[in-house]
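Here is a short briefing on one protein structure. Look at the sequence and the model first, then read the points below.

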Amino acid sequence: MLIQPDKLRKLLILIFCALFLFLAIQVRFDMLFMHVIDNGASLVIKNLIPRGVQNWISLGGLFAHYWILVPAMVLVSSLLYFMNYKIAMWWFIVTQVLSMLLALTISFILQIHWVSGPKLGPTIPNILLVWWLQLLAIVVVIIMPRFVKNRRMRQGLTMFAIIFWWLMLMVCIQRNDMPFSSGLGSLFFGYFWWQLSEYQYRKRAKHWRHVLEIDTLI
C-alpha cells in the first residue's frame with residue numbers, strides 16, 4: 001500500500017490535535033502569552049536575523065505564493081494518476097480542499113471580532129502554509145522513496161523540505177505581517193491533518209477502490 005503502517009500515527013494525531021487546540025484557545029481569548037510570542041518572533045525575524053540567513057529566506061519567498069503552489073499540487077496529482085494511484089490522487093485533492101474549508105471555518109471562529117463592525121483577523125492556520133506542508137509531506141513520504149533509493153539522500157531531501165517550509169513561514173511573517181501564532185497553528189494543524197488523512201487512506205482506500213470499481217494501485 002502507498003501509505004506504510006506507523007504504530008505512532010494515532011498518538012501523533014492526538015498530540016498535534018491537542019497542541020493546536022491549546023494554541024487555538026490562547027488565540028481565541030487573546031492571551032498575553034501569544035502576544036509575547038508573536039511580537040518576539042516578529043522582532044527577531046524582521047530585524048535580528050543575519051544577512052546570510054536573509055538570503056535563504058528570500059529564496060523561500062520565491063515559492064510562498066498560491067500561483068506556484070496550485071500548479072505544484074496539480075503536478076503531484078497528475079504524477080499520482082500516471083503512477084496508477086488514482087484513489088490516492090483523489091484522496092490528495094479531497095484532503096487539500098477539506099483542509100482549506102476547515103482552516104477557514106476555524107479562522108472565522110478564532111479571529112472574528114467587532115470593532116465598529118465585524119472584522120476577521122489573519123487566518124489561523126495559514127492556508128498557504130498548510131497546503132505547502134501537505135504537499136511536501138506527500139512528496140517526501142510517498143513519492144520520493146519510489147525514485148530515490150539512497151537512504152542518506154532521502155534524509156537530506158527530507159531535511160531540505162523541513163527547512164524550506166520554515167523559510168516560507170518566515171517570509172510570511174516578514175512580508176505579510178503574519179503572526180507567528182498563525183504559522184505555528186499551520187504546523188500543528190497541518191501535521192495533525194496529514195497524519196489523520198494517512199490513517200483514513202489506509203483504512204478506506206480498498207473500500208473506495210471496490211465501490212468505484214477502479215483498476216488502480218492503492
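Buried means under 20% relative accessible area, exposed means over 50%, and partly exposed lies in between (1.4 Å probe, protein chains only). By that rule, tryptophan 132 and phenylalanine 164 are both buried.

This is a predicted model: local features need pLDDT of at least 70, side-chain atom pairs count only at pLDDT 80 or more, and totals for chains, interfaces and linings use all residues. Residues are numbered from 1 along each chain as its sequence is written, and side-chain values use heavy atoms, with hydrogens and water left out.

**The nonpolar core**

- A nonpolar core is a set of buried Ala, Val, Leu, Ile, Met, Phe, Trp, Tyr and Cys residues joined through side-chain atoms within 4.5 Å.
- The largest such core has 68 residues. Leu80, Trp91, Trp132, Leu135, Ile138 and Tyr201 have the most contacts inside it.
- Helices α1 (9-28), α2 (32-48), α4 (66-82), α5 (86-111), α6 (127-143), α7 (151-176) and α8 (180-212) each supply at least two residues of this core.
- The largest share, 14 residues, comes from α6.
- Helices (H or I, at least four residues) and strands (E, at least two) are DSSP runs, numbered from the N terminus.
- What does isoleucine 138 touch? Leaving out residues up to four places away in sequence, the list is Val76, Leu80, Trp91, Phe92, Ile143 and Trp194. Contact here means heavy atoms within 4.5 Å.

**Aromatic rings**

- A pair of aromatic rings is described by the distance of the centres and the angle of the planes.
- Rings of Phe, Tyr and Trp (its six-membered ring) pair if their centres lie within 6.5 Å. Planes under 30 degrees apart count as stacked, over 60 as edge-to-face, and the rest as tilted.
- The structure holds 13 aromatic pairs.
- Phe20, Phe189, Phe192 and Trp193 form one aromatic cluster.
- Lysine 86 has its charged end over the ring of tyrosine 81, 5.2 Å from the ring centre. The rule asks for NZ of Lys or CZ of Arg within 6 Å of the ring centre and within 35 degrees of the ring normal.

**Backbone features**

- Most residues other than glycine have a negative phi, and most peptide bonds are trans.
- The peptide bond from isoleucine 124 to proline 125 is cis, with omega near 5°. Proline 125 lies in the loop between β2 (118-120) and α6.
- Asparagine 84 is not a glycine, yet has a positive phi of about 70°. Its place is the loop between α4 and α5. At 25% relative accessibility, asparagine 84 is partly exposed.
- Aspartate 177, also not a glycine, has a positive phi of about 55°. This residue is in the loop between α7 and α8. Aspartate 177 is exposed, at 54% relative accessible area.

**Cysteines and a threonine**

- A disulfide is a pair of cysteine sulfur atoms within 2.5 Å. By this rule, the count is zero.
- Is cysteine 172 buried or exposed? Cysteine 172 is buried, with a relative accessible area of 2%. Cysteine 17 is partly exposed at 26%.
- Threonine 95 lies in helix α5 and is buried at 10% relative accessibility. Neighbours within four places in sequence aside, threonine 95 is in contact with Trp193 and Ser197.
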